[in-house]
Each structure stands twice: as C-alpha cells, then as structure tokens.
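Student: Hey, can you walk me through this fold? I'd like to go from the overall layout down to single residues.

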Amino acid sequence: MRTTYAEATVRLYHLSDAMEGGAAETLFYGPLSEAMRIAASQPEEVQEALFIATDNDVVAWLDLIEG
C-alpha cells in the first residue's frame, strides 16, 4: 500500500469466495484508523478475505498487518 495516514478515507470490504472471484461486500467506508479497528475485530476466517482500498491502491488485510 502506498503511504497513507490514519484519517485517509478507505473502503474495508469482504470478498466472499475470494478464490472463485466472489462478491465484494463493503463493511465500512471512512477513516483508515476505524477500518483497521473493525477489521481486527472480525473472526479469523473473515479476516482472511478482507481488503482495504484507498483512492489509489488495494491491499489484503492480512498482508497489511503482517507487512
């Protein structure tokens, strides 16, 4: 993910059936800091298919927290 800041507006979404190209469900649209809090509170199996999109990039939640 390119450099961003805690209050950057992002979209947190869950990609159901990610391996089969499933559907994206938006969980939150707002500040990155809040999106990260919401993502961290999700069950592990949900976290595996979470993504955060900024205005110029998309990153898998697990890649973000492990990176």
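Predicted model: local features only at pLDDT ≥ 70, side-chain atom pairs only at ≥ 80, totals over all residues.

Student: Fine. How many helices and strands are there in the protein chain?

Tutor: The protein chain has three helices and four strands. Helices are DSSP runs of H or I with at least four residues, strands are runs of E with at least two, and both are numbered from the N terminus. From the N terminus on, the order is β-β-α-α-β-β-α.

Student: In what order do the strands sit in the sheet?

Tutor: The order is β2-β1-β3-β4, in an open sheet with antiparallel pairing. Two strands count as paired if DSSP finds at least two bridges between them. β2 and β4 (58-60) are the edge strands, each pairing on one side only. On average, neighbouring strands are turned by 25° against each other, direction ignored. Axes here are lines fitted to C-alpha atoms, for helices over the stretch in contact, and angles run from 0 to 180 degrees between N-to-C directions.

Student: How many bridges join β1 to β3, and how many join β3 to β4?

Tutor: Four bridges link β1 and β3, and three link β3 and β4. β3 and β4 also form a hairpin, with four residues between them.

Student: Are the faces of β3 covered or open?

Tutor: Both faces are covered: L50 and I52 are buried on one side, F51 and A53 on the other. Buried means under 20% relative accessible area, exposed means over 50%, and partly exposed is in between (1.4 Å probe, protein chains only). Across the protein chain, 31% of the 67 residues count as buried.

Student: Switching to helices. Which residues of α1 are buried?

Tutor: In α1 (residues 32-40), the buried ones are L32, A35, I38 and A39. They line one face of the helix, because seen down the axis they fall within an arc of 125°. That arc is taken over the directions from the helix axis to the C-beta atoms.

Student: And what do those buried residues pack against?

Tutor: They pack against β1 (9-15), β2 (24-31), α2 (44-47), β3 (50-53) and α3 (61-66). Contact means heavy atoms within 4.5 Å. On the sheet, α1 touches β1, β2 and β3, and its direction makes about 135° with that of β2. Down at residue level, A35 touches V10, L12 and F28, leaving out residues up to four places away in sequence.

Student: Which residues make up the largest nonpolar core?

Tutor: There are 11 residues in all: V10, L12, F28, L32, A35, I38, A39, L50, I52, V59 and W61. Such a core is a set of buried Ala, Val, Leu, Ile, Met, Phe, Trp, Tyr and Cys residues joined through side-chain atoms within 4.5 Å. β1, α1 and β3 each supply at least two residues, and the largest share, four residues, comes from α1.

Student: What about H14, buried or exposed?

Tutor: H14 is buried, with a relative accessible area of 17%. H14 lies in strand β1, and its bridge partner in β3 is L50. Not counting residues up to four places away in sequence, H14 touches A23, A24, E25, L27, V46, A49 and L50.

Student: Now T54. Where is it?

Tutor: T54 is in the loop between β3 and β4. T54 counts as buried because its relative accessibility is 16%. Its side chain makes a polar contact of 3.0 Å with the side chain of N56. By polar contact I mean a pair of N or O atoms within 3.5 Å; within protein, one must be able to donate a hydrogen and the other to accept it, and residues adjacent in sequence count only if both atoms are side-chain atoms.

Student: Last one: what does L62 touch?

Tutor: L62, in helix α3, touches Q47 and E48, not counting residues up to four places away in sequence. L62 is partly exposed, at 25% relative accessible area.

Methods: Residues numbered from 1 in each chain as written. Heavy atoms only, no water.
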